[in-house]
Amino acid sequence: MIFHVVGARPQFIKLSPVLKAFRKEGLISKTIHTGQHYDYAMNGLLFNNLGLPEPDFHLGIGSGSHAVQTAGMLKGIENILITEKPGLVIVYGDTNSTLAGALAASKLNVRVAHVEAGLRSFDKRMPEEINRIIADRLSDYHFCPTENAVRLLAAEGMKGIFTGDVMVDALLDYSKKLSPPPYTKPYILVTIHRAENTDNHERFEAIWQAVKLLAQTTNVVFPAHPRTKNLFGSMLKGAGKISVIEPVEYTAMLSLTKHAACILTDSGGLVKEAFLLKTPCVTVRSTTEWPETIEAGANVLADASPETIVAAVNKMKTASVNPAAMPFGDGTAAKKIASFIRKIT
């Protein structure tokens with residue numbers, strides 16, 4: 001038996017093409033949903049949108065500090081693995097669910113496969129960086145989204161398997177169903193939720209000031225992550241040309257991304273989707289785990305100052321994005337992963 005451990009919106013998207021590939025290979029598996037994302041817009045709506053089956057196990061962990069959340073996941077995952085005795089656990093990405101799944105399985109001597117292995121931002125202030133480093137160390141099989149990820153793992157003494165990125169698989173599949181978004185063009189699409197930008201009140205205020213400056217001349221669409229809304233709800237007032245909206249389902253977000261003049265974000269997944277949909281991007285971080293987007297001229301890093309952000313967005317709005325090099329693979333990542341797993345199980 002094979003188990004998938006997921007818990008956050010990006011992992012549900014990654015899981016979708018993998019489950020489809022598993023069905024074609026005749027592989028039987030079960031899914032543990034940790035409940036890391038429990039808001040309907042981040043969880044139930046996305047499961048429905050992607051046509052995912054209900055998870056076999058739902059831990060319902062919810063929010064909490066990193067220690068409290070991860071500890072709850074560890075306990076729940078361990079109990080399931082002891083009862084079910086799987087031969088392989090697959091973890092995805094770089095969340096606390098990734099860490100808990102890898103750690104619980106490895107402690108029980110269950111083999112671990114990491115989808116989206118080998119990414120590095122080289123910034124250990126990011127919880128995601130710590131999660132991905134530990135998950136890679138604990139994993140037996142490393143499915144890498146880029147050749148650069150394979151090289152980074154090799155430098156750390158681990159063998160990566162280049163499959164391409166399963167997010168490309170999902171995007172190529174679901175982007176066929178896109179409808180134009182109900183917002184007047186041109187508009188800037190903004191998402192901010194990472195701890196480095198939301199745990200520091202002054203930093204978020206500077207970003208929001210930049211958003212208000214941009215909205216003086218261009219429409220802004222801001223799908224507010226539950227974390228951001230909980231912390232800054234009183235500040236997130238739709239005013240003038242700013243539309244603060246609830247998180248949207250996957251295909252709607254792809255449509256917003258495709259038709260935007262520019263993206264302003266701190267999300268790693270959105271940076272990649274913007275690149276694939278030929279939309280220029282500004283990342284409000286000092287590092288990125290996707291250097292390929294920087295090298296292609298499709299993305300720039302910006303410090304959290306209003307002047308820097310506004311200048312970067314205004315410059316990138318006229319940038320031309322050409323993903324012809326396709327550093328993230330050709331859309332067959334899930335097929336390669338399923339084929340490999342068929343051989344080892």
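This report walks through the overall build of a protein chain and then visits one of its residues, valine 168. Keep in mind that the model is predicted.

**The whole chain**

Let's begin with the secondary structure: the protein chain contains 15 helices and 13 strands.

| Property of the protein chain | Value |
|---|---|
| Box filled by the C-alpha atoms, along the principal axes | roughly 60 × 40 × 40 Å |
| Share of the 345 residues that count as buried | 57% |
| Accessible surface | about 14,000 Å² |
| Share of that surface belonging to carbon and sulfur atoms | 54% |

How do contacts link up the sequence? Among those between residues at least 6 apart in sequence, 68% join residues at least 24 apart. As for charge, there are 37 positive and 32 negative side chains, and the centres of these two sets lie 4 Å apart.

**A visit to valine 168**

Now look for valine 168 in helix 7, which covers residues 166-174. Is this residue buried or exposed? Valine 168 counts as buried because its relative accessibility is 1%, and the cut-off for buried is under 20%.

Which residues does valine 168 touch, leaving out those up to four places away in sequence? They are Leu276, Met326, Phe328, Gly329 and Gly331. Take phenylalanine 328 as an example: 160 residues separate it from valine 168 in sequence, yet their C-alpha atoms are 7.0 Å apart in space.

Conventions
Residues numbered from 1 in each chain as written. Predicted model: local features only at pLDDT ≥ 70, side-chain atom pairs only at ≥ 80, totals over all residues. Heavy atoms only, no water. Helix = DSSP H or I, 4+ residues; strand = E, 2+ residues; numbered from the N terminus. Buried < 20%, exposed > 50% of the residue type's maximum accessible area, 1.4 Å probe, protein only. Contact = heavy atoms within 4.5 Å. Areas by Shrake-Rupley, 256 points an atom, 1.4 Å probe, with all protein chains shown as cover. Lys, Arg positive; Asp, Glu negative; His and termini not counted. Charge placed at Lys NZ, Arg CZ, Asp CG, Glu CD.
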